[in-house]
Amino acid sequence: MLKDDIDNIRLLVKDDGEDYMYFIINENTDYIGGGACGEEMITKYETINQDIILYYGFSEEDKIKQTNRYKIYISLWQDN
């Protein structure tokens with residue numbers, strides 16, 4: 001795990017082949033993002049990304065703008 005500064009965390013996960021997934025969490029800007037390459041990594045990424053979104057929640061701005069983060073959080077919360 002790389003920690004650029006106290007508020008920005010980056011995590012890169014790689015397997016033995018070409019597949020990988022990565023996450024970026026910036027607590028200054030409330031940005032949560034990332035991506036994945038390879039079928040198995042994409043499946044794992046989606047599960048972990050949902051957990052991260054549930055952990056961090058959403059901002060008032062996300063709610064007002066009906067962002068993807070807000071919509072994912074609400075749909076995940078309703079499923080639980």
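**View 1. The largest nonpolar core of this predicted model has seven residues.** Its members are Met-21, Phe-23, Ile-25, Ile-32, Met-41, Tyr-45 and Ile-52. Strand β3 (20-26) and helix α1 (39-56) each supply at least two residues of this core. A nonpolar core here is a set of buried Ala, Val, Leu, Ile, Met, Phe, Trp, Tyr and Cys residues joined through side-chain atoms within 4.5 Å; buried means under 20% relative accessible area, with a 1.4 Å probe and protein chains only. In soluble globular proteins, nonpolar side chains tend to be buried together.

As for the ground rules, residues are numbered from 1 along each chain as its sequence is written, and side-chain values use heavy atoms, leaving out hydrogens and water. Because this is a predicted model, local features need pLDDT of at least 70 and side-chain atom pairs count only at pLDDT 80 or more, while totals for chains, interfaces and linings use all residues.

**View 2. Here we meet Met-41 and its contacts.** Leaving aside neighbours within four places in sequence, Met-41 is in contact (heavy atoms within 4.5 Å) with Val-13, Lys-14, Asp-15, Asp-19, Tyr-20, Met-21 and Ala-36.

**View 3. Arg-69 sits in helix α3 (residues 68-79).** Arg-69 is buried, with a relative accessible area of 13%. Not counting residues up to four places away in sequence, Arg-69 touches Asp-30, Tyr-31, Ile-32, Ile-53, Tyr-56, Gly-57, Phe-58 and Asp-62.

**View 4. Stepping back, the chain has three helices and four strands.** Both are DSSP runs numbered from the N terminus: helices are H or I with at least four residues, strands E with at least two. The elements run β-β-β-β-α-α-α from the N terminus on. Of the chain's 80 residues, 28% count as buried.

Note on methods
Buried means under 20% relative accessible area, exposed over 50%, partly exposed in between (1.4 Å probe, protein chains only).
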